[in-house]
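These are my notebook entries on a single protein chain.

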Amino acid sequence: MAEAVTIQGLGHAYVPGKWIFRDLSAGIARGSSFALLGPKGRGKTTLLKVMLGVLVPTEGSVAIQGRQAFVPQLFQVSFDYSVLDMVLMGRSRKVGLFSQPTKEDEDASLVAIERMGLANAARRPFHELSGGQRQLAILARALVAEADILVLDEPTSALDLKNQVLILDWIDRLSHEQGLTVIFTTHHPHHALAVADSALLMLGEHDYVTGPAANVLTETNLAKLYGVPLKRVNFDHEGRTVETLTPVLGSARAFGGV
């Protein structure tokens, strides 16, 4: 399968000689979902910035095949924008500087809002939405940008369980039903196991594991990544077998915790 993103020998150091990561190579297939996991400070955000072109890597290369759109973590805005206004911002590349959105731009934005199940909220102030609704509105903004690759930074951060499931469902639908490439960071390995086709574990400066999510998200790899044991558990639900990951609570002390 053709790759949407090809990473070769990538390395970045903000201070010469102090590598955030180095010798990183990975490929992300078109129309797939790709999860990026690692503890805080391990370089996930830096890697996203390199892939988005915000940072020039110290060494190596990233080849991007397609237009990218970035979906940040949950955030508030300072101005009283409506949901439609927020989504229309995704058309900025088409509208151009000092120009006004056209009816075509507005119609495309309304369609994207409806796709996310927010048709009744299009004229509401963005800040009045729930956390999950705000995240869906930002996904709609990425969709109207007509991107081929969506890059999401911890998309379920600060969301309650219901809204986490809602966002994960959309990640799955956008990649597997609508053919977009979805790259997302997460601190929840069970989220990655549920919806990601492939994954990258950032274990250390030169230590990575990448490949199919089911092969990468092993109990051994995740214990090394997080410093606590996790178990992969199978159970039956509505006639199908579901696999998930759960930490073994109370075991942090045995793994060197306080």
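**Entry 1: Confidence.** I began with pLDDT, which is the predictor's confidence in each residue, from 0 to 100. The structure is a predicted model, and I recorded that its protein chain averages a pLDDT of 88. I also noted that 92% of the residues score at least 70. Helix α3 has the lowest mean pLDDT, 64, whereas strand β3, residues 33–37, has the highest, 97.

**Entry 2: The largest pocket.** Which residues are the closest to the centre of the largest pocket? I first noted its volume, about 490 Å³. The pocket is lined by 17 residues, and L168, H190, A194, V195 and V242 are the closest to its centre. I next looked up which elements take part in the lining. At least two residues each come from α6 (161–176), α7 (189–195), β10 (230–237) and β11 (240–247). Helix α6 gives the most, with six residues. By residue class, I found seven nonpolar, six polar and four charged residues in this lining.

**Entry 3: The second largest pocket.** For the second largest pocket I recorded about 180 Å³ of space. It has 11 lining residues, of which A69, M89, G90, R141 and A145 are the closest to the centre. Two or more lining residues come from each of β5 (68–71), α3 (92–95) and α5 (131–144). I noted again that α3 is the element with the lowest mean pLDDT. The lining of this second pocket divides into six nonpolar, three polar and two charged residues.

**Entry 4: Nonpolar cores.** The largest nonpolar core holds 52 residues, and L139, L150 and L217 touch the most other members. Helix α5 supplies the largest share of this core, eight residues. L139 touches V71, M116, L150, L152, W170 and L174. Another core, of 20 residues, lies apart from the largest one, and its members include L36, L48, M51 and L200.

**Entry 5: Helix α1.** Which residues of helix α1 are buried? In this helix, residues 44–52, I listed K44, T46, L47, L48, V50 and M51 as buried. Two of these, L48 and M51, are also among the members of the 20-residue core. As background, I noted that an α-helix has 3.6 residues a turn, so residues three or four places apart point the same way. After α1 comes G53, which has a positive phi near 85°.

**Entry 6: Two glutamates with positive phi.** I looked up E154 and E238 together. E154 has a positive phi near 45° and is not a glycine; this residue is found in the loop between β6 (149–152) and α6. E238 has a positive phi of about 50°, and it too is not a glycine; this residue lies in the loop between β10 and β11. Are they buried or exposed? E154 counts as buried because its relative accessibility, 14%, is under the 20% cut-off. E238 counts as exposed because its relative accessibility, 72%, is over the 50% cut-off.

**Entry 7: E114.** A further glutamate, E114, lies in helix α4, residues 103–115. With a relative accessible area of 54%, E114 is exposed. I also recorded the separation of E114 from A137, 23 residues apart along the chain: their C-alpha atoms are separated by 9.8 Å.

**Entry 8: V77.** V77 lies in the loop between β5 and α2 (83–88). Setting aside residues up to four places away in sequence, I found that V77 touches M86 and F126. V77 and H127 are 50 residues apart along the chain, and their C-alpha atoms are separated by 6.9 Å.

**Entry 9: Q164.** My last entry concerns Q164, which is found in helix α6. Q164 counts as buried, at 14% relative accessibility. Leaving aside neighbours within four places in sequence, Q164 is in contact with T156, L159 and H191. Q164 and V228 are 64 residues apart in sequence, and I recorded 23 Å between their C-alpha atoms.

Key. Residues are numbered from 1 along each chain as its sequence is written. This is a predicted model: local features need pLDDT of at least 70, side-chain atom pairs count only at pLDDT 80 or more; totals for chains, interfaces and linings use all residues. Side-chain values use heavy atoms; hydrogens and water are left out. Helices (H or I, at least four residues) and strands (E, at least two) are DSSP runs, numbered from the N terminus. Buried means under 20% relative accessible area, exposed over 50%, partly exposed in between (1.4 Å probe, protein chains only). On a 1 Å grid over the protein atoms alone, a cavity is a set of points where a 1.4 Å probe fits but cannot get out, and a pocket is an open set with protein on both sides within 12 Å along at least five of seven lines; lining residues have an atom within 4 Å of a point. Grid points are joined across faces, edges and corners, and a volume is the space filled by probe spheres set on the points. Ala, Val, Leu, Ile, Met, Phe, Trp, Tyr, Cys and Pro count as nonpolar, Asp, Glu, Lys and Arg as charged, and the others, Gly among them, as polar. A nonpolar core is a set of buried Ala, Val, Leu, Ile, Met, Phe, Trp, Tyr and Cys residues joined through side-chain atoms within 4.5 Å. Contact means heavy atoms within 4.5 Å.
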